[in-house]
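Here is a quick walk through a single protein chain, written for someone who likes to see the cut-offs. Have the viewer open while you read.

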Amino acid sequence: MKNEGIEGTERFVSPERGRGLRALRHFSVGELLFSCPAYSYVLTVNERGAHCEHCFTRREDLFKCGKCKQAYYCNVECQRGDWPMHKLECMAMCAYGENWCPSETVRLVARIIMKQRVTTERTLSEKVLLLKEFESHLDKMDSEKDEIVQADIAALHHFYSKHISHRFLFFFFWAVSIFNDVLSRVVFFFLSVALMNHSCSPNVIVTYKGTAAEVRAVQEINPGEEIFNSYIDLLYPTEDRKERLLESYFFTCQCTECTTKSKDKAKMEIRKLSLPPEPEEIQSMVRYAKNIIEEFRRAKHYKNILHIFPSELLEMCELSQEKMGAIFGDTNVYMLHMMYQAMGVCLYMQDWDGAMSYGEKIVQPYSVHYPAYSLNVASMYLKLGRLYLGLERKTQGVKALKKALAIMEVAHGKEHHYVAEVKREIEEQK
Ligand SMILES: [Zn+2]
Ligand SMILES: [Zn+2]
Ligand SMILES: [Zn+2]
């Protein structure tokens, strides 16, 4: 079976993992495997007015939809192009006014359903079949996710159609919430991207250009080899990754990284002490780390409701590092997790020196724990480089930006505007 617009790869059924994608030819590091347009997408509500709803161009002279007066377009062509999707919302917005506030997921799902309805009669394409395949995962959903999905379905019914089967919607929300990619301005759903199976040692990276996803090799790929993307943050040790994958994606990862566990020892670094800690002490500290990570996540998420100040969040990070530091080394991933959070709070509070010193501690161990080409590592170098430059530390700044650039040229491709932007920043320092 061939994939639309995807040369050099094919869909296949692997005995262990079900559907997957494999290479038909050799791909070198940095080479583009395929670019795939978003199956569906939606502009986030708070970007309305700044970007065209159809092509996402940012410009000052956009004009309003005459009916709802809330959607903005470049011109009549863009408005016409968006109408099959916008009409879903236009009427609801007119009817509900200020009370119209479905989540981005709800809006995206409504569009996917509409697109399916419009296209199924004409071409019962492979893509539609692929969407149906996700349905087999339905029964494995736990009750917590169930609740969230139920709330989303209720919201969708409130604003859109009442004639969609409940079971169908349920699976849809699950698939979209798992496989969508949330960017700052747009929410996307890519089918070909969702087709790739997961590995903790992925051979491709997905980046975005406009409303398309681009998939590039980050390892040499030979003909016949399966193409693997990563669904999760790869910082954490095997046990944590397996837990996460089972919880959210319902499978047990059997990639080489999960079998050899080659990075676990470094990721779980224990402080060198004259009296090494007992295994029970380590276990109990791991439990503490996981609890504090979850506690911090909630505190950050509900900070406005619970009236938690940034300084209190920072204190939480510092105290937990102090406690964990009795057993864990500085490059231990749980320590790094809290340092990363602390760096985020410092950036928010515009404490540039604080952010920089956390960034310096994080970046080296990050490049050891993550795969050779990682967007997490690139983004850390980028943040650190910009902090250095802001603090007049030019040499260090340029050095960090160059590290980021080396990764981005492979992951994003040399032509990407992010790459051009970083190059310009380096150039400006000369
Ligand atoms: Zn436009
Ligand atoms: Zn409208
Ligand atoms: Zn794995």
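What follows goes from the overall picture to a sheet, the cores and a handful of single residues.

## Ground rules

This is a predicted model, so keep the thresholds in mind: local features need pLDDT of at least 70, side-chain atom pairs count only at pLDDT 80 or more, and totals for chains, interfaces and linings use all residues. Residues are numbered from 1 along each chain as its sequence is written, while chains are lettered from A and ligands numbered from 1 in the order in which they are written.

## The big picture

The protein has 16 helices and 12 strands. Out of 430 residues, 33% count as buried. Buried here is 20 or more other C-beta atoms within 10 Å of a residue's own, exposed is 12 or fewer, and partly exposed is in between, with C-beta atoms placed from the backbone.

Take the contacts with a separation of 6 or more: 63% of them join residues 24 or more positions apart. A contact means that two C-beta atoms, placed from the backbone, lie within 7 Å.

## An open sheet

Three strands make up an open, antiparallel sheet in the order S3-S11-S10. Strand S3 (32–37) and strand S10 (204–209) sit at the edges with a single partner strand each, so one side of each has no neighbour in the sheet. On average, neighbouring strands here are turned by 20 degrees against each other, direction ignored; the axes are lines fitted to C-alpha atoms, for helices over the stretch in contact, and angles run from 0 to 180 degrees between N-to-C directions.

S10 and strand S11 (residues 212–217) pair over 6 antiparallel bridges; for strands to count as paired, DSSP has to find at least two bridges between them. Valine 206 has valine 215 in S11 as its bridge partner, and lysine 209 has alanine 212. The hairpin of S10 and S11 has 2 residues between the strands, and its glycine 210 takes a positive phi near 60 degrees.

## Two nonpolar cores

Which residues touch the most other members of the largest nonpolar core? Among its 63 residues, they are Val204, Ile227, Met339, Ala342, Ala378, Tyr381 and Ala404. A core of this kind is a set of buried Ala, Val, Leu, Ile, Met, Phe, Trp, Tyr and Cys residues joined through C-beta atoms within 7 Å. Helix H12 (residues 333–348) gives the largest share, 10 residues. Domain 1 (9–36 + 192–229) and domain 3 (263–345) each supply at least three residues, with bounds from an automatic or database domain assignment. A second, separate core has 10 residues, including Tyr39, Tyr41, Leu108 and Val109.

Beyond four places in sequence, isoleucine 227 has contacts that include Thr9, Leu21, Leu33, Met196 and Val204. Glutamate 315, in helix H11 (residues 310–324), is 8.7 Å from alanine 342, C-alpha to C-alpha, across 27 residues of sequence. Glutamate 315 is partly exposed, with 13 other C-beta atoms within 10 Å.

## The annotated stretch

The unreviewed UniProt entry carries the annotation "domain: MYND-type" over residues 52–90; its positions are given in the numbering used here, feature names are shortened, and annotations may be inferred rather than shown by experiment. The span is 38% helix and 10% strand, and its end C-alpha atoms lie 15 Å apart.

Cysteine 90 belongs to helix H1 (residues 76–96) and counts as partly exposed, because it has 19 C-beta neighbours inside 10 Å. Leaving aside neighbours within four places in sequence, cysteine 90 is in contact with Cys65, Lys67, Cys68 and Ala71. Phenylalanine 56 falls in the loop between strand S4 (40–43) and strand S5 (63–64). Its phi is positive, near 65 degrees, and it is not a glycine.

## Around helix H14

Is leucine 387 buried or exposed? Leucine 387, in helix H14, is buried, with 25 other C-beta atoms within 10 Å. Its contacts beyond four places in sequence are Trp352, Ala355, Met356 and Gly359.

Glutamate 392 is in the loop between helix H14 (375–390) and helix H15 (394–411). This residue is exposed, with 7 other C-beta atoms within 10 Å, and has a positive phi of about 60 degrees. Most residues other than glycine have a negative phi.

Notes:
Helices (H or I, at least four residues) and strands (E, at least two) are DSSP runs, numbered from the N terminus.
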